[in-house]
Amino acid sequence: MNSSRKPVHLAVYDTLADWETGHATAYLARAGYEIRTVGPSTAPVTSIGGLRVQPDLALDDVRPEDSSLLILPGADLWDTGDDLAPFARKAREVLAAGVPVAAICGATAGLAREGLLDDRNHTGAVSFYLAATGYRGGERYVDADAVTDGGLITAGPTEPVAFAREIFRLLGVYEGEVLDAWYRLFHDSDPEAYAVLEQAGAR
């Protein structure tokens, strides 16, 4: 574990989408980042897949200066009320401190409601999904697998590999042909990419 790197904080809450952050967190951990889970409190939460997660700390205890990145996965709760609005407010605080945030799937709608997508290029599941939030950033919507702008990464629910790619690029975990090879291996099942990663010690 690289003690000089600040932890990456992964938000966890009931109904979180298990499949959306696994590529990112697994390879961040391999690169030496500590992954710390952050819940509404320290009470256990249950994912869509039925996994029970015990948060390492409560949201109120997260300080931007102690973090390398805040990751917000999708969850049914993003669209069924205001339960997760505190996580969007924390994202505002984190971004204001110059620390990046990565949001995927329903979390992009939460950030739209918070106004964080009004002045940044972004993407999500589909444009009308975000438009339904009533946000003012529709003209900044980009039809892409994942988008990074102003320290904020966004992606739709079918793009966990592109989401991870943008995180690795932003944090400098992989770069250039190694980053490209990692994406080609996990997104395209390109066997030639494996050799590039093996040579770079990045598998």
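## Helices α6 and α7

Let's start with two helices: the axes of α6 and helix α7 (residues 191-200) come within 8 Å and cross at roughly 135°. That makes α6 oblique to α7, oblique being what is left once angles under 35 degrees count as roughly parallel, over 145 as roughly antiparallel and 65 to 115 as roughly perpendicular. Axes here are lines fitted to C-alpha atoms, for helices over the stretch in contact, and angles run from 0 to 180 degrees between N-to-C directions. Helices (H or I, at least four residues) and strands (E, at least two) are DSSP runs, numbered from the N terminus.

This is a predicted model, where local features need pLDDT of at least 70 and side-chain atom pairs count only at pLDDT 80 or more, while totals for chains, interfaces and linings use all residues. Residues are numbered from 1 along each chain as its sequence is written, and side-chain values use heavy atoms, with hydrogens and water left out.

The crossing of α6 and α7 is left-handed; that label applies if the near helix is turned anticlockwise from the far one by less than a right angle, and right-handed applies if clockwise. On the α6 side, E177, V178, A181, W182, R184 and L185 make the contact, and on the α7 side A193, Y194, V196, L197 and A200 do. Contact means heavy atoms within 4.5 Å. By class there are 9 nonpolar, no polar and 2 charged residues. Ala, Val, Leu, Ile, Met, Phe, Trp, Tyr, Cys and Pro count as nonpolar, Asp, Glu, Lys and Arg as charged, and the others, Gly among them, as polar.

## Helix α5 and its partners

Helix α6 (residues 176-188) also meets helix α5 (residues 160-171): their axes come within 10 Å and cross at roughly 165°. That makes α5 roughly antiparallel to α6. Their crossing is right-handed. V161, A162, A164, R165, F168 and R169 of α5 touch L179, W182, Y183, F186 and H187 of α6, a set with 8 nonpolar, 1 polar and 2 charged residues.

Now for α5 and helix α1 (residues 22-30), whose axes come within 8 Å and cross at roughly 35°. This crossing is right-handed. H23, A24, Y27 and L28 of α1 meet P160, V161, A164, I167, F168 and L171 of α5, which gives 9 nonpolar, 1 polar and no charged residues.

## The largest pocket

The largest pocket has a volume of about 170 Å³. Among the residues lining the largest pocket are L10, V12, D18, T21 and G22, and its lining has 6 nonpolar, 5 polar and 1 charged residues. On a 1 Å grid over the protein atoms alone, a pocket is an open set of points where a 1.4 Å probe fits, with protein on both sides within 12 Å along at least five of seven lines; lining residues have an atom within 4 Å of a point. Points are joined across faces, edges and corners, and a volume is the space filled by probe spheres set on them.

## Two loop residues

T15 sits in the loop between β1 (8-11) and α1, with phi near 70°, a positive value in a residue other than glycine. C105, in the loop between β7 (101-104) and α3 (106-113), has a positive phi near 60°.
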